[in-house]
Amino acid sequence: DLIQDLLHWDYLYLAGRMHKPIVSIDLPPNLSCSEGPDEEAVCRADEIEDAQRTNLLSAVSASLLLHDATNNKHSLSSLQSFPVSQLYTAIASLSYTGDFRMQTGAEDPNKVKKLVESPGMSKLWENMYSETLGKLQNLGVISVVDGCQGSDDVVDMTNPKNHGGGGKHLECNFTDVAIRKQLVQNLPPRLRKHSDRIVGAEDDGDSIRQGSLVLRQELANIVAPAAKSQSMKGFFSAGVSKSWRYALAKFAKGSGK
């Protein structure tokens, strides 16, 4: 079920695809409206739209929590800055965490890079995530600043005029436990149950790094079984001969041949 995966990341299959600006679902406002038990109209289109907002917020929050804030020369309390494109790369990578096809060379190793850095993709990513980044900025979790020519002006991501182009940076104190707790609350329920381990201890770099590793492992625990299941389904539905040729082509592409 699409909504289930968007909200709960049961498989991170449909939800993972919808993290990226390559899937468009155009739904008429009255699609699949039906009478519920309370005789009120329930519109699936609205439900999907709301679930997708939650999915995008979860994706940004998970990607920020995966940022290894202690692997730098700054103090634990310092504000850190990095290109917004780095966040988009982390988001694009979420649904491949633990995917054996990426680990064994059965997928194009540049797949994520192409999703983020191909011509025209920057504006698509910003159009998709502007609302989410604006929400986190309003909450004081992050700041989006114009990094061009040393500028530190805050960028209003809700203004379409500010979408596209390079130079934007995110600022966030990843080691602030209050911020990490707020980000964890945006994760799907199955990940929130590990909140204490993911958040880590204040002023403890090793604990914070371990928290990022815990989250990465839990994501892999979701993706790995789903990836294997999808591969097996494809193998049996396509037939042995066709699947074998497809697999060889994938491995060749993955090895850069």
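**Figure 1. Overview of the protein chain.** The protein chain contains twelve helices and five strands. The model is predicted, with a pLDDT that averages 79 over the protein chain. Of the residues, 64% score at least 70. The protein chain has 257 residues, and buried residues make up 43% of them. Where contacts join residues at least 6 apart in sequence, 67% of these contacts link residues at least 24 apart.

**Figure 2. The buried face of helix H8.** Helix H8 covers residues 177–184, and its buried residues are Val-177, Ile-179, Arg-180, Leu-183 and Val-184. At the start of H8, Asp-176 places a side-chain oxygen within 2.8 Å of the backbone nitrogen of Ala-178.

Figure 3. The loop between H8 and helix H9 (189–192) includes Gln-185. The relative accessible area of Gln-185 is 52%, so this residue is classed as exposed, the cut-off being over 50%. In sequence, Gln-185 and Ser-61 are separated by 124 residues, whereas their C-alpha atoms lie 8.8 Å apart in space.

**Figure 4. The crossing of helices H4 and H7.** Helix H4 spans residues 84–94 and helix H7 spans residues 121–138. Their axes come within 12 Å and cross at roughly 95°. H4 and H7 are therefore roughly perpendicular to each other, since angles of 65 to 115 degrees are assigned to that class. On the H4 side, the contact is made by Leu-87, Tyr-88, Ile-91 and Ala-92. On the H7 side, the contributing residues are Trp-125, Glu-126, Tyr-129 and Leu-133.

Figure 5. Ser-212 belongs to helix H11, which comprises residues 205–238. Ser-212 counts as buried because its relative accessibility is 7%, and the class applies under 20%. Apart from neighbours within four places in sequence, Ser-212 is in contact with Leu-65, Leu-66, His-67 and Arg-180. Arg-180 is also one of the buried residues of helix H8.

Key
Residues are numbered from 1 along each chain as its sequence is written. This is a predicted model: local features need pLDDT of at least 70, side-chain atom pairs count only at pLDDT 80 or more; totals for chains, interfaces and linings use all residues. Side-chain values use heavy atoms; hydrogens and water are left out. Buried means under 20% relative accessible area, exposed over 50%, partly exposed in between (1.4 Å probe, protein chains only). Helices (H or I, at least four residues) and strands (E, at least two) are DSSP runs, numbered from the N terminus. A polar contact is a pair of N or O atoms within 3.5 Å; within protein, one must be able to donate a hydrogen and the other to accept it, and residues adjacent in sequence count only if both atoms are side-chain atoms. pLDDT is the predictor's confidence in each residue, from 0 to 100. Axes are lines fitted to C-alpha atoms, for helices over the stretch in contact, and angles run from 0 to 180 degrees between N-to-C directions. Angles under 35 degrees count as roughly parallel, over 145 as roughly antiparallel, 65 to 115 as roughly perpendicular and the rest as oblique. Contact means heavy atoms within 4.5 Å.
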